[in-house]
Amino acid sequence: MFRQLTARLDAAVFATLSDRAWLGSQLLPGMFSAPWLAPALGQLKTAIREPHYIVRDAEASRVGEGDILRVDGQGEYIILRLQPDGSGLTALILRGKGDPDCPDGQAALAARLP
């Protein structure tokens, strides 16, 4: 009974709070977070520098490193790696598609240089 209730709660939370992101033409429900979007509360220090997108493990099985994730209102990101946390959720560690530190971003930057 507890597992069923937890599964229903999980589904309700993701249905209500999910950001809209697209993996190809398929909607990928999850929650987007980027360090530069966090509210400034005092002197909070964090080791997280890359943006990330949290998905359920079942959804993460559709994702691969190097895939492009388009987050509505935030842009396109390359999925660098997947980090399951052991609780049924996986963090997709992202890099902005136009970021010069990203291999794809480096190629795009080089193409613009004379």
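**View 1. Strands β6 and β7 of the predicted model run antiparallel and are joined by 7 bridges.** Strand β7 comprises residues 89-96, and strand β6 spans residues 75-84. Within this pairing, Pro 84 stands opposite Thr 90 of β7. The two strands form a hairpin with 4 residues between them. In its turn, Gly 86 has a positive phi of about 85°.

**View 2. Strand β5 pairs with β6 in the antiparallel sense.** Strand β5 covers residues 68-71, and its pairing with β6 extends over 4 bridges. Leu 69 has Tyr 77 of β6 as its bridge partner. The hairpin of β5 and β6 has 3 residues between the strands, and Gly 73 adopts a positive phi near 80° there.

**View 3. Phe 32 and Tyr 77 form an aromatic pair.** A search of the whole structure finds 1 such pair. Because Phe 32 belongs to strand β3 (residues 31-33) and Tyr 77 to strand β6, the pair ties together parts that are 45 residues apart in sequence. Both partners are buried: Phe 32 has a relative accessible area of 13%, and Tyr 77 has a relative accessibility of 6%. Tyr 77 is also the residue of β6 that is the bridge partner of Leu 69.

**View 4. Arg 56 lies over the face of Phe 14.** The distance from Arg 56 to the ring centre of Phe 14 is 4.6 Å.

Methods
Residues numbered from 1 in each chain as written. Predicted model: local features only at pLDDT ≥ 70, side-chain atom pairs only at ≥ 80, totals over all residues. Heavy atoms only, no water. Phe/Tyr/Trp six-rings, centres within 6.5 Å; stacked < 30°, edge-to-face > 60°. Buried < 20%, exposed > 50% of the residue type's maximum accessible area, 1.4 Å probe, protein only. Lys NZ or Arg CZ within 6 Å of the ring centre and 35° of its normal. Pairing = 2+ DSSP bridges.
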